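Hi,

Here is the structure I said I would pass on.

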Amino acid sequence: MDANTLNRLLEFAVERQASDLHFKVGDPPLLRIKSILQPHDFPKLTYQDTRDIAQIVLPYGLQDIDLDRLKELDFSYSVPGTARFRVNVYRQRGTLAAVMRIVPFEVPTLQELELPGCVGDFVSEERGLVLVTGVTGSGKSTTLASIVNEINVTRRKHIITIEDPIEFLFRSEVSSISQREIGADTDGFATALRAALRQDPDIIMVGEMRDTETIDVALKAAETGHLVFSTLHTSDAPRTVNRLIAVFPLEQQRQVRIRLAESLRGVISQRLLPRADMSGAVVAAEVMKATLTITDCIRDEDKTHLMRDYIIKGADQYRMQTFDQHLTDLYLRGVISRRRRLVRPRTLRTSSVRCVSAITRPPEKLGKTLPSSLPPRGVRRVLRRGALALVGSIGSAATRCSTSNLICCRVSAASDFAPRWVVPTWSEVAKV
């Protein structure tokens, strides 16, 4: 395969709005479109094809590398006028293979990504640590680039990015941006972070915090008055806190909790979900900010599991939200379908909670069988049979929901927070 053929294939992938391309001996090139890996009418790749692809995309300075000894390598590749690509070349069963992630030339804005408005609040932070978390392929790098670029066009700061490899290319607007790539410009994340502290930065973006040393230096940078952005492969805020602390030796974890409580400014955890019309994907995000109660939960390991409750309570005052709240909002606005909105059934606590939880079931099956006052144990049994939890805000008997199969709501009385169970009439639900 020659360079022109490869570039035409990459252009085809961009036109089809693919997110990734896979090249492996014995298979045709595969495109991941809308989260689904799809084959197309391409010939199967030979040993020489994948070797040619690896040689073509290798960056200048690595062209003399011995491909027969190559095990794995990360770098970037660019097709002028089309897109940039984050490339991983690796060896499998004695042959070379490659996966290329498409990275647009233009950095999308927070509005174009349809991220919650509260994510933009981190743009104005002056110091501390802000983390974007999620599984592989959830859009962490794109969200991080969007936040950094928002700072770039609105604030006069010196921004240093440390990436492996460089994905989005930034043009200095109001800010001045320096981008460093592991391997080409520096030896590693920890080394680059230490050096960055002597380069007069205001903001440091670390592509990923992979080890104890990098996390320790990132915390030091946040403690010394810098604003640090980075990513982790964790699914929500409590797990993020636990992961950061767990990488340190046991005898250091108490001190690390105190450091993290003082430095952490927020956690954005996100997932990508297919849109209801299957036209693409949308981000569902959990946003936690370091309020006094959240800081206390970080400092005290016995309270870390309470973070989600405090996120719910601080939704209006501090502009925070849980995954369940955002999923429900996306569903009610018709952005995602009912099947994608389903959340894992949870056992409701018997203690009072400042939220409304609704159980959805076809009204003809359960609508007339539930009493107006239902004991918590009975409701837990219903949840275990597969009912879904919809999280809203405290207030009325019928949560603000457009579904017609709402069965009952758990609410807290505003005066004494005494839990009670209410079955709204279907006429009440229809008005909502």
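For what follows, a salt bridge is a side-chain nitrogen of Lys or Arg within 4 Å of a carboxyl oxygen of Asp or Glu. Counted that way, there are 22 salt bridges. Do keep in mind that this is a predicted model.

A few of those pairs first. Arg69 and Asp66 join through their side chains, with 3.4 Å from N to O. Arg69 is exposed, at 67% relative accessible area, while Asp66 is partly exposed at 36%.

Lys157 and Glu126 also form a salt bridge, with their closest N and O atoms 3.4 Å apart. This one ties together distant parts of the chain, 31 residues apart: Lys157 sits in the loop between α3 (140–154) and β8 (158–163), and Glu126 in the loop between β6 (95–103) and β7 (128–133). Lys157 has a relative accessible area of 22%, so it counts as partly exposed.

Then there is Asp164 with Arg210, where the closest N and O atoms are 3.2 Å apart. Arg210 is partly exposed, with 44% relative accessibility. You will also find a network of salt bridges linking Asp216, Lys220, Glu223 and Arg259.

Now the sheet. Six strands make an open sheet with antiparallel pairing, in the order β3-β2-β1-β6-β5-β4. The edges are β3 (36–39) and β4 (72–79); each has a single partner strand, so one side of each has no neighbour in the sheet. On average, neighbouring strands here are turned by 25° against each other, ignoring direction. Helix α2 (residues 47–57) lies across β1 (20–23), β4, β5 and β6, at about 50° to β6.

A polar atom of its side chain is 3.1 Å from the backbone oxygen of Cys297. Beyond its neighbours within four places in sequence, Thr304 is in contact with Pro238, Val241, Asn242, Arg257 and Cys297.

Cheers

Terms used: Residues numbered from 1 in each chain as written. Predicted model: local features only at pLDDT ≥ 70, side-chain atom pairs only at ≥ 80, totals over all residues. Heavy atoms only, no water. Polar contact = N/O pair within 3.5 Å; in protein donor to acceptor, adjacent residues only side chain to side chain. Contact = heavy atoms within 4.5 Å. Buried < 20%, exposed > 50% of the residue type's maximum accessible area, 1.4 Å probe, protein only. Helix = DSSP H or I, 4+ residues; strand = E, 2+ residues; numbered from the N terminus. Pairing = 2+ DSSP bridges. Axes fitted to C-alpha atoms, helices over the stretch in contact; angles between N-to-C directions.
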